[in-house]
Amino acid sequence: MSRSRQSDRGRAGAQWEALRRILSLELGISLEVVDAESGLPDMVFTANAGVVWKNKFIASRFRHDVRQREAPFFEAWFRQHNFEIVHLPPEYYFEGEGDLLRCGEVWFAGYHIRSDVLAHQRAAEIIEKEILSLELTSDWFYHLDTCFCPLSDHQAIFFPAAFDSYARKVLENNIPDLIAVSTAEAERFACNAIVAGNSVVMNSECPTIRSDLQRAGFRVLETPLDEFIKAGGSAKCLVLTIG
Amino acid sequence: VEYFLASAKTSFHRWGSDDLRSIRPLRLAALTDLSEQLILGDSFVKRKENFFFTSTIPASTAICLLGLSTVKFISMARRVVEISGHIIDSLLLAKILDLIVSLGAEFKILEVRIGQRRADRSYARIQIDAPTPEILAQVVAKIGEHGALPVTIDDAVAPENARAR
């Protein structure tokens with residue numbers, strides 16, 4: 001993740017703490033925190049560390065050198081917490097939950113920008129589930145979780161322009177209730193939201209999708225995450241589901 | 001004399017069979033080089049040495065309809081690729097086939113196996129014929145981005161672990 005605008009370290013820390021309070025205090029989610037490592041600022045985007053499936057941690061193989069250096073630290077954390085570490089074939093890039101999201105019984109995987117489609121094959125064998133690969137077409141929405149967010153087993157929000165026509169058709173074929181996000185709010189990473197039961201945590205100032213979600217029966221909790229958007233991520237990028 | 005007929009483009013069926021029957025072997029043989037051509041409507045046949053280039057029809061179809069027993073078809077460039085995974089519901093197979101055609105080549109599905117359950121993988125082996133090696137390389141590179149991997153014709157048999165299960 002990299003954007004040309006520099007984040008304000010102090011503001012970023014405050015926004016991260018505010019998100020943490022929402023998740024732990026308001027939603028009662030149990031959180032584990034991975035220690036930051038010097039020189040690896042993108043480690044804060046833990047969603048890209050890998051994917052957890054039962055007791056397995058499918059480790060990412062990052063496309064860019066700067067993020068490849070994160071991998072040993074994430075693996076060490078999961079090893080210490082008694083997860084089985086699984087590596088995908090080294091010739092394929094795979095960027096974890098950033099490009100692999102579950103909606104009901106089907107998993108959707110983004111490819112062509114950060115993750116390789118062939119990595120999905122191996123991941124599907126490990127989790128023994130159907131993985132439908134979706135081609136991403138916009139450099140701004142370089143991970144699936146920046147343009148697609150499952151809400152339940154039959155609902156999701158997405159930004160159509162981030163996908164090629166085949167991927168849009170796949171989503172339409174498999175998710176009965178798809179809510180499209182506007183360009184302006186997609187660029188504020190409205191899709192990069194954390195869903196916990198009936199609650200959705202997302203970046204602030206996305207009023208249209210907030211209303212759409214509320215009409216659909218969801219409780220929306222907004223919190224400013226602008227400093228992370230400068231670096232290419234928002235709420236969902238900051239967490240990895242581990243249980 | 002043996003002649004080789006090669007397809008230069010891949011648009012299908014723009015010549016009717018009546019048109020094809022009107023091209024006699026002697027007329028084809030009379031062509032001397034690429035600067036000369038037989039024209040039927042917006043289609044043409046050109047010759048370079050023992051190669052005949054057709055503009056719009058699969059050469060194998062032309063041979064069949066022309067009844068030229070001495071003419072052999074060869075593809076200008078051929079490669080076999082395979083793809084496995086959840087390639088049906090993800091529309092990856094459809095996308096790859098569309099890409100092959102849109103980039104100017106032809107495909108023949110040599111083998112396809114569909115998974116029985118949603119979690120099962122599917123498998124397809126596809127032969128690609130392109131009018132030039134350059135176009136073939138372009139096609140193979142492009143579809144490789146979507147998971148199609150080249151195999152050699154000699155060993156183009158699905159490995160056991162790639163079978164749908």
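Predicted model: local features only at pLDDT ≥ 70, side-chain atom pairs only at ≥ 80, totals over all residues.
Across the interface of chain B and chain A, 11 residue pairs are in polar contact, both partners being at pLDDT 80 or more. On the side of chain B that touches chain A, β6 (77-85) and α4 (92-102) of chain B are the elements that give two or more residues. The most is given by α4(B), with 4 residues. By type, the residues on this side of chain B comprise 7 charged, 6 polar and 5 nonpolar.

In total, 21 residues of chain A are in contact with 18 residues of chain B. The two chains bury an area of about 1600 Å² between them, with carbon and sulfur atoms giving 55% of it. Of the area that chain B buries against chain A, 30% is supplied by His86(B), Lys95(B) and Arg118(B), more than by any other three residues. Chain B and chain A are also linked by 4 salt bridges. A salt bridge is formed by Arg121(B) with Glu125(A), where the closest N and O atoms lie 3.1 Å apart.

The largest nonpolar core contains 41 residues, and those with the most contacts inside it are Phe108(A), Phe148(A), Ile157(A), Phe163(A), Ile209(A) and Leu213(A). Elements of chain A that each supply at least two residues of this core include the strands β4 (100-103), β5 (106-111) and β6 (131-135) and the helices α5 (165-174) and α7 (207-215). Beyond its neighbours up to four places away in sequence, Phe108(A) touches residues including Leu132(A), Leu134(A), Phe148(A), Val170(A) and Leu171(A).

Note on methods. Residues numbered from 1 in each chain as written. Chains lettered and ligands numbered in written order. Heavy atoms only, no water. Core = buried A, V, L, I, M, F, W, Y, C linked by side-chain atoms within 4.5 Å. Buried < 20%, exposed > 50% of the residue type's maximum accessible area, 1.4 Å probe, protein only. Contact = heavy atoms within 4.5 Å. Buried area = accessible area lost by both parts, 1.4 Å probe. Salt bridge = Lys/Arg side-chain N within 4 Å of Asp/Glu carboxyl O. Polar contact = N/O pair within 3.5 Å; in protein donor to acceptor, adjacent residues only side chain to side chain. Nonpolar A, V, L, I, M, F, W, Y, C, P; charged D, E, K, R; others polar.
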